[in-house]
Structure formats: C-alpha cells, structure tokens
Amino acid sequence: MGGRAAEESSRSRKVVNLSVRRKRLKTKEKWLVVVGVALHAVYMLSIFDIYFKSPIVHGMDLVSPRFAAPAKRLVLLVADGLRADKFFESDAAGKFRAPFLRSVIKERGRWGVSHARPPTESRPGHVAIIAGFYEDPSAVTKGWKANPVEFDSVFNRSRHTFSYGSPDIVPIFCAQLPHATWNSYSPDFEDFATDASFLDEWSFDQFQGLMNRSKEDPKLKELLLQDNLVVFLHLLGCDSNGHAHRPFSSIYLNNVAVVDSIAERVYNLLEDYYRDNRTAYIFTADHGMHDKGSHGDGHPTNTDTPLVVWGAGVKHPKPISSSSHGDGHSDCGTRFVDDHMHDTPTPKEWGLHGIERVDVNQADITPLMSTLLGLPGPVNSVGSLPLDYIDMNKTDEVEAVLANTKQVLNQFVRKSHTKEATSLFFKPFKPLAHYSSLLDQIEDQISNGDYEAARKLSENLRDLALQGLHYFQTYDWLMLMTVIILGYIGWMTYIVLHVLQSYTSLAGDILIKEQADHQTDNTRKVQLSGCLFLGLLSMILFIEQSPPLYHAYTTMTVFLWTQISSEYQFIKALWRQLSGRKINYFTKVLAACAVAVFILEYLVNSFTERKLYTWCFLTLGAIAFIYLFKSIPWRSGIPFFVCGACWFLSVFTLMPAEIPDNNNLVIWSGVMIIMVGAAGRFLDQHTEGNKFWLSICNSDAKKPKFPMLFQLQAFLVGLSSVMVSISTSHRTQNQELHVWHQFINWSIAGPSMVLPLFSANGLLSRLTSIFLGFAPTFLLLSIGYEAVFYSAFALVLMAWILFESTLIYSSKVKRLSSSFNNMEDNSLVDGRYLQLSDVRIPLTFLVLFNVAFFGTGNFASIASFEISSVYRFITVFSPFLMAALLIFKLFIPFLLVICVFSAITKLNRLPRLGCYFLVILFSDVMTMHFFFLVQNTGSWMEIGNSISHFGIVSAQVVFVLLLFALTNVYTKDIHIGSVEGSSRKAM
C-alpha cells in the first residue's frame with residue numbers, strides 16, 4: 001500500500017510539475033512574441049537615423065567675396081524635363097531645334113552638360129541648381145513636394161528676385177522670401193491632354209508684363225535698376241509634354257524650339273531695357289526625360305541636361321586646342337555625381353565638336369551664379385565653382401575659388417564643432433585637423449602673387465571639406481549599425497536557444513537538472529551585470545545628447561544579450577552534449593545551414609527579380625519528381641502531379657507585374673477553380689487503399705454539417721464568374737455599377753468565406769473547402785491572369801501536402817517514425833520533437849509566402865495596386881474601402897499558405913509555434929541583408945522600394961502571427977489520422 005501511495009504521489013508531483021512547466025512555457029512564448037514585435041518595430045525605425053538624416057546644418061557665417069561682381073543681374077532659365085541630346089541634336093531635316101542658343105554657344109558663351117544626381121525630379125533638381133545641394137534624404141519621411149528643412153539659396157542672398165512658373169517649384173524658393181516678386185499659374189493649367197508649351201509662354205508673358213509696367217511705375221523701375229537682381233523663369237512645357245507624349249514626339253521637340261525662342265526674347269528684352277552689358281544668362285534643365293516619358297532614376301537620358309551660359313562675366317567660346325583630348329571636354333578633373341561614363345566624345349549629331357565643352361555637376365551652377373553676381377554663396381551649398389565659365393583676372397579668379405572653399409569649409413567646421421561638443425570620444429577628420437594653417441598658406445600665396453598654387457591648394461582644401469562633410473554625415477553609422485546587427489544576431493540566437501530548449505530532444509532531463517542547480521543565483525548576477533552595463537551606455541548616450549531612439553536601440557540589444565548570457569548553464573551543457581557527437585552530425589548541420597542560407601539569399605534577390613521564381617519552381621519540380629519517382633510507385637501519380645504543379649506556377653513570374661485586363665480569363669478561371677475543387681473532393685472520397693493519401697483524406701473525420709456544401713460552394717464560384725461578366729459589361733457600357741450587381745457581388749463574397757467552417761474536418765476536405773470559400777471574392781477582385789494564379793498556387797500547395805504525406809509513409813523516412821512513438825516523452829508541447837530535417841517546412845513556407853507576395857506583381861510597388869480591381873464592389877471614390885479591398889485581395893494567397901502550413905504541422909505532428917519561431921529566425925536573416933540594401937540615393941522608386949522591402953520582411957514577425965491567429969479559425973479542428981492507424985488501413 002505504501003509503495004502504491006508513493007507511486008501515486010510521485011505521479012501527482014510529475015503532473016503538477018508538468019503543468020507548471022507548461023504554464024511557464026506559454027508565458028515565456030507570449031513574452032518572446034511581445035519582445036519580437038517591439039524589437040522589429042524599433043529596429044525598423046533605425047534606417048531613418050542611419051540613412052535618412054538631413055545633411056543640412058545651420059549657424060554658419062556668410063563668406064563675403066573679395067572681388068568685384070562681374071554682373072549686376074542674372075537671368076536663370078530652367079526648362080523642366082529637357083534632355084541634353086534632344087536640345088543639342090538636329091532634326092531629321094538637319095535643322096537644329098534651338099538656333100538662338102546654338103548661336104550663343106558658337107559666338108559669345110560657354111556650354112556643356114550639367115549632370116544631375118538621382119532622384120532626377122523637379123524639386124531636387126531645382127534645389128541643386130539654386131541652393132547648391134542635392135536631395136535631402138530626410139525628405140523620404142516628410143513628403144516629396146516641399147523641402148523638409150529650411151535652406152539658403154541664391155535667391156535669399158540676392159537684393160531682389162523676380163520669379164514666374166509652376167506652382168510646384170516657384171513657391172518653394174519665393175513664398176517665404178520678403179524680397180521676391182513672384183507668381184505661378186493655377187495647377188489646373190497642367191493638363192496632359194494639351195500642348196503644355198503655353199505654360200512657358202505664360203511665364204514669359206508675366207515677366208514681359210513686369211518690364212512693361214516698370215515704364216509707368218517709378219518704384220518698380222528703381223528696383224529693376226539695382227544690382228544683385230535675379231530673374232528666374234521656370235518653363236514646365238517640356239516636362240509635361242514629355243510625360244504625356246514622350247520625348248521623341250513632335251510636341252516635345254517643338255517645345256524645345258519654344259524655350260529657345262523664349263531665351264531669345266528674354267535676352268533681347270533685357271538688352272534693350274538696360275543697354276549696359278551687365279546681365280548674365282544661364283539656361284539649363286533640372287532633369288531629362290526617359291524615352292518612356294518618365295524620370296527619376298540615374299539613366300543618362302534623365303541625368304544629362306543642357307547648360308548654356310553667356311553675358312557679363314562669362315568667357316567666350318574656346319576652340320578645341322591641339323593639347324586637348326580630342327573629345328571636346330575641358331580637362332577639369334571633375335568627378336560627376338551621376339554614375340555613367342562621361343569620357344565619351346561629344347556626339348557628331350550635336351554639331352559642336354569644334355568648341356570646347358565644359359561639363360559640371362548640377363550643384364556647381366549655384367556658386368557660378370553667386371560668383372557672377374558677387375554674392376556670398378548659399379551656406380548649404382556643396383557645389384564647386386566651374387572656373388572655365390567665368391571671365392576674371394587671376395587675382396579675382398583665386399579669390400572666387402577661395403570664397404567657394406571657405407563656404408564649404410564653414411559647413412565642415414560647424415558639423416565638426418557640433419559633434420565634438422556632444423561626444424565623449426570624439427574622432428576628428430584627420431586630413432583637416434589643421435585646416436586653419438592651410439588657409440593661412442593660401443593667403444600667403446595670394447599675397448606673394450603665386451595665384452596658380454593658391455588656386456590648386458584652395459581646390460584641394462574644398463575637396464577635403466566635402467569629404468569631411470560626408471565623414472560627419474555618416475559619423476554614427478558604425479555605432480548604430482553595430483548595435484542593430486548585434487541586436488538582430490542576439491534575437492536570432494535567443495530564438496535558437498528557445499527552440500532547442502522547448503522543441504527538441506536536446507533539452508533532456510540532464511540539461512534541465514544542470515540548469516536547475518545554479519540557475520536562480522546566476523541569472524540574478526547576469527541580469528544585474530546587464531542592468532549596470534545598460535545604465536553605463538545610457539549615461540554616455542545622455543551626455544552625448546543622443547536622440548531617444550538611440551537609447552531604445554541599445555536597450556533592446558543589451559537586454560537580448562543579457563537574456564542569452566543568463567542561459568549560459570544550458571549553453572555549456574548543450575556544448576558538452578554536442579561535442580560528443582560524431583563528425584557526420586556536424587556535417588549534416590553545416591549542410592542544412594548552407595542550404596538554408598542559399599535559399600534565403602535567393603529569396604532576397606527575388607524581391608528585385610521576380611523571374612528567379614520561375615527557375616526556382618522549374619528546379620523544385622524536377623528534383624521532387626526524381627525523388628518521388630524513386631521513393632514511391634509512379635502509378636500513384638504523385639510524382640507527375642507535384643512536378644506539373646510546380647512547372648505550371650513557374651509561368652506566372654514571367655508575366656508583367658502590371659496585370660493587363662482580361663475578363664474572359666477571369667471567367668474561365670472560375671471553371672478551373674471548380675474543376676480543381678471537384679478533383680480534391682473526388683480524391684477525398686475515392687482513395688481507399690492508397691497509403692500515400694490516407695492521412696489527408698476524410699476517412700475517420702467528422703462529416704460536414706451540410707451534405708450539399710460542396711455543391712453550394714461550386715455554385716457560388718460559378719455565380720461569381722457570371723457576375724464578373726455581367727457587372728463588368730454593364731459598367732463598361734453605362735459607366736456605372738448597377739446597384740443590384742453590387743448587392744449580389746457583396747452577397748457572394750461575404751458568406752462564401754464563412755462556409756468552410758461547416759465542412760468536414762479531414763485535411764483535404766477542409767483545405768478544399770477553404771480554397772473554394774475564398775475563390776468567389778478573389779475572382780470578383782481579379783482583372784486578368786491573377787485569377788488563374790489562384791488555382792495554380794493552390795495546386796502547388798496541394799503538391800506540398802502530398803510531398804510531406806509521402807515522406808511520412810515512404811520507406812526512407814519510416815525509420816524516423818520512432819519520434820512519433822516517443823511523443824509521450826515530449827510532455828511540454830503537443831506533437832513530436834523538431835528534427836534537423838524539419839527545417840525544410842519553414843523554408844518551404846517562406847518560399848511560398850514570398851511567391852504569394854510577388855507571384856502576380858510586386859507587393860512593394862504601387863504598380864500591383866490596380867484600382868479597377870475593386871470596381872465590381874464600388875466605383876464611388878472611397879479611399880479606405882478601396883484600399884481595404886485591394887489589401888484583402890493580396891492577403892487571400894497568404895491565408896491559403898498559412899492554412900496549408902498549419903495543416904502540414906499537424907500532419908507531421910510538429911509544434912506549430914516552434915515552426916513559427918523558425919520562420920521568424922529565417923526571415924530575420926533576410927531582414928539583416930535588406931538592412932544593408934536600404935539606399936538613400938537613386939530614384940524615389942528605388943529608395944522607396946528599398947525601404948518597403950526592409951519593412952515587409954521586418955513586419956513578418958507580426959504579419960505571420962496575425963495570419964496564424966486568423967486562419968486558426970479554419971484549421972484548429974482539422975483531423976489527421978494516426979500513423980499506425982493509417983498504416984493498418986493501407987495494409
């Protein structure tokens with residue numbers, strides 16, 4: 001009796017202990033999920049502190065020029081969207097489109113190509129021309145039309161500025177400027193359906209009217225006779241016509257002649273008015289225009305813009321000397337901000353091969369304008385003065401270069417002093433540690449008349465100052481990147497430890513026992529040490545006046561590594577156990593890691609090249625066919641089905657991301673969906689005796705509550721196909737959505753997604769019902785080939801289930817079935833322990849999850865959000881409802897993947913949360929790669945895509961978890977037959 005009581009007492013203690021451990025595990029996992037969500041949210045913000053901080057600083061002194069102003073006034077003409085080649089080349093008849101400006105190039109001015117830096121857009125281009133710096137990367141968080149930070153410009157330094165043009169450009173520079181006279185036309189004038197050259201004429205007419213009024217207005221005339229005046233005409237016609245009609249159209253090319261005519265009229269108007277030869281003229285463009293009618297990236301057609309300068313203080317044309325390179329370029333040694341080659345000869349089609357060409361960076365136009373007017377350069381300018389344009393004596397030339405150098409150097413000094421004042425461990429920019437002695441040396445050389453040496457030293461000092469600005473712009477990068485990467489590594493390490501402790505057989509009684517001996521005291525010591533270290537780092541950051549997010553980054557990283565350190569008893573015991581394993585074991589682990597990294601890097605590259613999925617599924621289909629053909633009888637048909645499904649899906653990533661309308665394809669897709677559903681139902685009910693299908697079929701499962709459920713779902717799919725035809729046809733003919741059509745579409749979409757809950761709970765029958773349940777909604781939201789993708793994607797998911805089912809019952813995996821028999825030993829979680837071979841499941845999930853992203857487009861690009869997709873539900877503009885419908889359409893394939901993933905974890909008796917943590921682990925490997933791929937230069941699309949790719953992968957920790965919770969409603973009661981039971985039935 002006593003022995004039995006002791007045994008019962010021991011069993012009772014084990015049950016209590018097990019219950020406590022399970023509660024601890026659940027609490028720990030909830031805490032782990034919260035930490036994961038917080039970590040990814042905080043670290044996602046880090047890219048804005050690293051890549052998107054404004055380079056603009058304030059508080060610098062102006063550098064007053066020590067030379068006489070060559071010009072009293074300056075005219076800046078900017079032809080928005082004018083390509084260099086279309087401006088310089090002749091037409092088909094051999095006539096040049098800009099005869100006046102060509103005569104200027106040949107007779108009285110200098111010319112070249114101004115190289116813009118991406119993003120080649122209107123605001124960044126004009127800021128570079130007028131203020132002298134390139135796109136402020138912090139604009140990505142503030143919007144594109146207004147500059148995010150106040151800045152200085154040539155207009156600010158002028159006595160008065162007269163400006164006319166587009167409402168998107170002129171107010172940026174003049175709206176807050178008290179000494180500016182400006183006007184812009186209504187935004188309604190910008191109509192792409194018309195010839196936009198009238199916008200250019202409007203700007204000229206406004207300026208001409210100003211000049212005419214001055215004859216009757218003494219105050220205005222007095223103002224116009226002052227010095228340091230700037231006239232800015234923004235000519236938008238070429239940009240609008242290029243977008244609407246393409247840059248090779250007659251409308252665009254005729255617009256080139258219009259802006260040339262305006263340049264001639266402005267020149268004649270001012271020369272007749274002043275008659276003093278003290279006006280300087282600059283004609284250029286903010287960006288070019290791609291053949292497709294777009295701009296923004298770094299293609300030469302977008303970055304190469306014309307530059308023509310003439311008038312007061314400007315050198316005359318220079319014939320190419322025998323000592324030149326023969327390509328017509330000035331040997332200025334300038335490094336241009338765009339990325340393509342610049343040493344190519346001037347094209348013969350331009351007809352300017354006999355005249356020296358002087359190329360500049362776009363920001364160099366700012367110091368050119370300041371020098372011509374004798375004004376202090378804008379304090380934020382990073383442009384370098386192009387001396388080959390300016391006609392000055394040697395003394396003034398050196399003084400102009402020195403003023404330009406001091407203006408750039410002042411920014412460097414300001415940034416250096418600001419950083420030094422707040423840094424405990426300041427590291428100066430060593431090449432400029434003694435910049436003041438270099439300035440003194442330049443002044444001595446000027447005093448001694450050694451102008452050439454002074455000029456070269458000034459230019460070298462300016463280049464060093466520009467390098468110093470970049471040094472301080474990226475000063476915190478190393479620290480921040482180190483903290484973030486250590487945080488990601490710490491997070492992934494902690495996930496690995498948790499999975500090993502909770503979901504693998506490595507965490508046996510010995511490890512638990514060893515942990516329990518000293519765990520409490522050691523954990524407290526480690527946590528106390530972590531708190532002290534974190535307190536020290538926080539104090540340093542506080543003294544350095546670091547932003548609050550810097551504290552968040554370091555807190556998260558130190559916290560994770562403290563938690564890892566507190567597990568060192570487990571790590572030691574784990575190391576001792578693994579060190580006793582054979583070399584074959586480590587070979588398998590390394591091989592699995594190598595395969596996983598290869599797949600994850602493949603997925604990273606697929607974000608920018610969708611066609612990689614085509615090769616992926618062609619290869620997977622072939623490999624799966626060979627493996628299954630050798631493992632199971634070919635008469636089962638499974639090898640052929642798996643291969644065919646993979647190859648069918650591979651076609652879709654070759655199709656365009658912008659889905660073309662094809663109503664007939666959507667309608668016939670409904671028929672295909674019904675056929676796929678009918679095939680699934682047939683296999684579910686007629687596969688007795690096939691051991692490879694038994695576990696996924698409806699053998700022992702609960703019967704559906706409604707016997708006619710399949711017929712009802714098939715009817716709704718067919719009805720949705722009919723409604724696609726009827727509602728689209730009526731809307732096209734009558735330009736409206738019929739109210740009854742709208743009602744029927746909503747009535748189909750809503751209830752159809754509830755019906756799978758009433759289906760039989762066998763794996764195949766439930767998944768078939770889910771497939772049919774979401775099909776009507778997807779069809780009604782489809783406009784083209786994505787409707788076929790839905791069926792193809794479902795076939796691949798079915799192929800994955802069959803592959804896993806075959807693995808379980810194949811002879812090659814039978815020897816692993818002992819893990820099923822030992823499920824009782826794994827008392828902490830439902831199911832069996834995870835094994836190394838199970839890594840294939842989260843990896844396959846990630847591949848399919850990303851195919852759901854990019855199978856029919858680019859989820860990270862606005863191109864995939866075709867608004868016409870929602871027209872069968874709503875046509876009245878309602879941004880929130882329309883966005884919700886579009887996003888839900890994109891989510892439907894994800895829901896299918898999650899449902900199948902959950903079913904496969906049940907099929908393999910795997911803990912679903914353990915697999916979820918492995919998914920997060922692998923996705924964070926991709927997150928780290930995308931962290932380094934974020935870019936703050938290039939077109940806005942390139943910048944935006946790099947941010948969205950990083951954000952999409954970072955958000956998967958939340959995204960996948962929410963989808964798990966949502967799909968659990970459909971998959972929680974799926975029934976899987978036991979291994980032994982299924983085997984007996986097969987026999």
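**Figure 1. Strands S2 and S8 in the sheet.** Strand S2 (residues 109-115) and S8 run parallel and are joined by two bridges. Helices (H or I, at least four residues) and strands (E, at least two) are DSSP runs, numbered from the N terminus. Ser 114 has Val 360 in S8 as its bridge partner. The model is predicted, so local features need pLDDT of at least 70 and side-chain atom pairs count only at pLDDT 80 or more, while totals for chains, interfaces and linings use all residues. Residues are numbered from 1 along each chain as its sequence is written, and side-chain values use heavy atoms, with hydrogens and water left out.

Figure 2. Two strands pair if DSSP finds at least two bridges between them. Contact means heavy atoms within 4.5 Å.

**Figure 3. The ring pair of Phe 429 and Tyr 471.** These two residues form a tilted aromatic pair, 5.4 Å centre to centre with 45° between the planes. Phe 429 lies in the loop between helix H13 (394-422) and helix H14 (435-447) and Tyr 471 in helix H15 (residues 451-473), so the pair ties together parts that are 42 residues apart in sequence. Rings of Phe, Tyr and Trp (its six-membered ring) pair if their centres lie within 6.5 Å; planes under 30 degrees apart count as stacked, over 60 as edge-to-face and the rest as tilted. Phe 429 is buried at 11% relative accessibility, whereas Tyr 471 is partly exposed at 26%. Buried means under 20% relative accessible area, exposed over 50%, partly exposed in between (1.4 Å probe, protein chains only).

**Figure 4. Phe 964 in an aromatic cluster.** Ring pairs link Phe 964 into a cluster with residues including Phe 901, Tyr 916 and Phe 959. Phe 964 lies in helix H34 (residues 956-971) and is buried, with a relative accessible area of 5%. Leaving aside neighbours within four places in sequence, Phe 964 is in contact with Ile 898, Phe 901, Ser 902, Arg 912 and Tyr 916. Phe 964 and Tyr 916 are 48 residues apart in sequence, and their C-alpha atoms are 9.0 Å apart in space.

Figure 5. A cis peptide bond joins Pro 118 and Pro 119, with omega about 5°; Pro 119 is in the loop between S2 and helix H4 (122-131). Asn 228, in the loop between helix H8 (218-224) and S5, has a positive phi near 60° although it is a residue other than glycine. Asn 228 is buried, with a relative accessible area of 16%. Arg 246 is not a glycine either, and has a positive phi of about 80°. Arg 246 lies in the loop between helix H9 (237-245) and H10 and is partly exposed at 31% relative accessibility.
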